[in-house]
Amino acid sequence: MKKAKEIVVPDNPVSRYLFSSTQSAWLWLIIRLYVGYAWLTAGWKKVTADEWTGEQAGAAVQGFVRGALEKEDVSSWYAAFLENVVLSSPKVFSFMVAYGELFVGLGLILGLFTGIAAFFGGFMNVSFLFAGTLSTNPLLFVLATWLVLAWKVAGFYGLDRWALPLLGTPWQKNGIHLR
């Protein structure tokens, strides 16, 4: 079988600057710290709250889900997920949300695995949006998406500066291959 010729479309200068050049790392540092602080403070409030991770763990999740199920603008498929999956294990989801928010915030503030932390932050934002909660979720989702796109340089002023070269990427010849 004949191998197709590879065509490489070069990045435009703006994309190259924003997503590949360490000269843009200062911009991503500001965005990363803002989004990280938002997640860290939200997570810390939950981790230290009884209704999230204490004796009454799961109570806050149950209240949030019941409130979401009363809204008319929540999609039926997401309402079914909330009702059949989340409400059947509210303690599990309570700990996942609380510590997930905390770890996303820490990852972004420290600049460690920035793209992964931003992805999971965006995932949580979308989950909250599907449940009909606006608040800061649209803004945080947009910023998280940009951080995911800029993963190569977004953590340059952070621990990724050393972690990424040390660990490598699966598509590098000498990098660590995760399967």
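Helices (H or I, at least four residues) and strands (E, at least two) are DSSP runs, numbered from the N terminus. By that assignment, Gly-58 falls in the loop between α3 and α4. This is a predicted model, in which local features need pLDDT of at least 70 and side-chain atom pairs count only at pLDDT 80 or more, while totals for chains, interfaces and linings use all residues. Residues are numbered from 1 along each chain as its sequence is written, and side-chain values use heavy atoms, with hydrogens and water left out.

- Gly-58 counts as buried at 1% relative accessibility, where buried means under 20% relative accessible area, exposed over 50%, and partly exposed in between (1.4 Å probe, protein chains only).
- Not counting residues up to four places away in sequence, Gly-58 touches Glu-51, Trp-52, Pro-90, Lys-91 and Ser-94; contact means heavy atoms within 4.5 Å.
- From C-alpha to C-alpha, Gly-58 and Tyr-157 are 37 Å apart in space, and the two are 99 residues apart in sequence.

**Helix α6**

- The buried residues of α6 include Pro-90, Phe-93, Ser-94, Val-97, Glu-101 and Leu-108.
- Among the elements that cover the buried residues of α6 are α2, α3 (50-53), α4 (59-70), α5 (76-86), α7 (114-130) and α8.
- Gly-111, which follows α6, has a positive phi near 70 degrees.

**The salt bridge**

- One salt bridge is found in a search of the whole structure, the term denoting a side-chain nitrogen of Lys or Arg within 4 Å of a carboxyl oxygen of Asp or Glu.
- The partners are the side chains of Glu-101 and Lys-46, at 3.1 Å from N to O.
- Glu-101 lies in helix α6 (residues 90-110) and Lys-46 in helix α2 (residues 25-47), so this pair ties together parts that are 55 residues apart in sequence.
- Glu-101 and Lys-46 are both buried.
- In general, side chains of opposite charge can pair when their charged atoms come close.

**Buried polar residues**

- Asn-137 lies in helix α8 (residues 137-149) and is buried, with a relative accessible area of 6%.
- The side chains of Asn-137 and Asn-125 are joined by a polar contact of 2.8 Å; such a contact is a pair of N or O atoms within 3.5 Å, and within protein one must be able to donate a hydrogen and the other to accept it, with residues adjacent in sequence counting only if both atoms are side-chain atoms.
- The Asn-137 side chain also reaches the backbone oxygen of Thr-133, at 3.3 Å.
- Ser-24 lies in the loop between α1 (13-20) and α2 and counts as buried at 0% relative accessibility.
- A polar atom of the Ser-24 side chain lies 2.9 Å from the backbone oxygen of Tyr-17.
- Leaving aside neighbours within four places in sequence, Ser-24 is in contact with Tyr-17, Leu-18 and Val-153.

**The nonpolar core**

- The largest nonpolar core has 30 residues, and those with the most contacts inside it are Trp-28, Val-35, Trp-39, Leu-82, Leu-108 and Leu-147; a nonpolar core is a set of buried Ala, Val, Leu, Ile, Met, Phe, Trp, Tyr and Cys residues joined through side-chain atoms within 4.5 Å.
- Two or more residues of this core come from each of α2, α4, α5, α6, α7, α8 and α9 (151-154).
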